[in-house]
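Hi,

Here is the model we talked about, to open alongside this email. Have a look, then read on.

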Amino acid sequence: EASLLGLLGRLANRPVVLTYHCDLQLPRGWFNRIVDRVIFASNYFAGLLAQAAVAYTQDFAEHSHFLSRFLDKVRVIPPPVIMPEPGAEAVEIFRNVHDLVDRPVVGMAARLATEKGVEVVIEAMPRLLEAFPRLKVLFAGQYKEVMGEEAYYRRLMPLIERLGPEHWEFLDVLSQEQMPAFFAACDVLIVPSLNSTESFGLVQVEAMLCGTPAIASNLPGVRQPPILTGMGEVTPIGDPAELAEAIMRIIQHPDDYARPRSLIEDAFSLDRAVSGYEALFEELVSEKVQTEKRIEAREA
């Protein structure tokens, strides 16, 4: 529908701003390839009609299959991330309920989907358990009956079951009230994504706001939160050995990755995002007014 909205904006003689979140990359199959191309064509037409395209990071824009075609229109506005501070009592209760006391905890907040790279974590587990025999992975998010991921679920579950509930626990979808305690109970949050369907990874910033460092795959955009804040690490895409080493470094040297909450809030505040959009809207409206005045002057 992006192309239709862009066209309606042009017909109404109004500036059009497109906010682009990520590239679509559906699983293999002839039908999915058709869907990919139809959606890309609609997005491309919308890009031609838009006066500006907002991206979360310049890094992602420059590498995106879509945004790289419209770099002259790209405006970078970091996403607003709001996460309440975790309460000490809630975190303690969460740790006790999930048997996390006196053990390293690796968190992951995602759907159980192919692009999320869950198998990379599974393959990293032997090295991690060798270093930390009581280490546990907490997976927050939908993991059963994820649309289009049934085969992926069937392939991974035997491997996860082999690790046992002592080392891997599915939490399913947590409420907004539960998320701060989840993030704070983890020693590190990981985003081992594999492709450009992931363009930023908001959960990294949410974890950082709760005092937890993050590890991201070296994907455009996704790698930016750890790089910008210094509160985490970036590892090669699909590399379980490097992921394990990064997790061990953070668990062993947590103070090296600690940053003030205020630093994270300032970089990804709601006020900053709102101000960015307001400034962009004012700029585009001003340009429209100036263009109309020039046209009127020529006609006069």
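Predicted model: local features only at pLDDT ≥ 70, side-chain atom pairs only at ≥ 80, totals over all residues.

Residues are numbered from 1 along each chain as its sequence is written, and side-chain values use heavy atoms, with hydrogens and water left out.

**Overall**

The protein has 12 helices and 9 strands (DSSP runs numbered from the N terminus: H or I of at least four residues for helices, E of at least two for strands). Its C-alpha atoms fill a box of roughly 80 × 45 × 30 Å along the principal axes. Of the 300 residues, 48% count as buried (under 20% relative accessible area; exposed is over 50%, and partly exposed is in between, with a 1.4 Å probe and protein chains only). If you take contacts (heavy atoms within 4.5 Å) between residues at least 6 apart in sequence, 72% of them join residues at least 24 apart.

**Helix H5 and its two partners**

Two packed helices are described by the angle between their axes and the distance between the axes. Here the axes are lines fitted to C-alpha atoms, for helices over the stretch in contact, and angles run from 0 to 180 degrees between N-to-C directions.

Helix H5 (residues 118-131) packs on helix H6 (residues 150-163) at about 15°, with the axes 10 Å apart. That angle makes H5 roughly parallel to H6 (under 35 degrees; over 145 is roughly antiparallel, 65 to 115 roughly perpendicular, and the rest oblique). The crossing of H5 and H6 is left-handed (the near helix is turned anticlockwise from the far one by less than a right angle; clockwise would be right-handed). On the H5 side the residues are Val118, Glu119, Ile122, Met125 and Leu129, and they meet Tyr152, Arg155, Leu156, Leu159, Ile160 and Leu163 of H6. By class, that contact has 9 nonpolar, no polar and 2 charged residues (Ala, Val, Leu, Ile, Met, Phe, Trp, Tyr, Cys and Pro count as nonpolar, Asp, Glu, Lys and Arg as charged, and the others, Gly among them, as polar).

H5 also packs on helix H10 (residues 240-252), at an angle of about 50° and with the axes 8 Å apart. This makes H5 oblique to H10, and the crossing of these two is right-handed. From H5, Val120, Val121, Glu123, Ala124, Arg127, Leu128 and Ala131 meet Pro240, Leu243, Ala244, Glu245, Ile247 and Met248 of H10. The residues there split into 10 nonpolar, no polar and 3 charged.

**Helix H8**

How many of the 8 residues of H8 are buried? It is 7, so H8 is largely enclosed by the rest of the structure. The buried ones are Val203, Gln204, Val205, Glu206, Ala207, Met208 and Leu209. They pack against strand S4 (105-109), helix H7 (179-185), S7, strand S8 (214-217), helix H9 (224-229) and helix H11 (261-267). After H8 comes Gly211, with a positive phi near 85°.

**Single residues**

Ser199 sits in the loop between strand S7 (188-191) and helix H8 (202-209), and at 7% relative accessibility it counts as buried. Beyond its neighbours within four places in sequence, Ser199 is in contact with His21, Cys22, Tyr56, Phe60, Pro220, Gly221 and Val222. Its side chain reaches the backbone oxygen of His21 at 2.3 Å.

Lys116, in the loop between S4 and H5, also counts as buried, at 14% relative accessibility. Its side chain makes a polar contact with the side chain of Glu198 at 2.9 Å (a pair of N or O atoms within 3.5 Å; within protein, one must be able to donate a hydrogen and the other to accept it, and residues adjacent in sequence count only if both atoms are side-chain atoms).

Finally, the loop between helix H4 (88-97) and S4 holds Asp99, a non-glycine residue with a positive phi, near 55°. Asp99 counts as partly exposed at 40% relative accessibility. Asp102 is found in the loop between H4 and S4, and its phi is positive too, near 60°. Is Asp102 buried or exposed? At 71% relative accessibility, Asp102 counts as exposed.

Cheers
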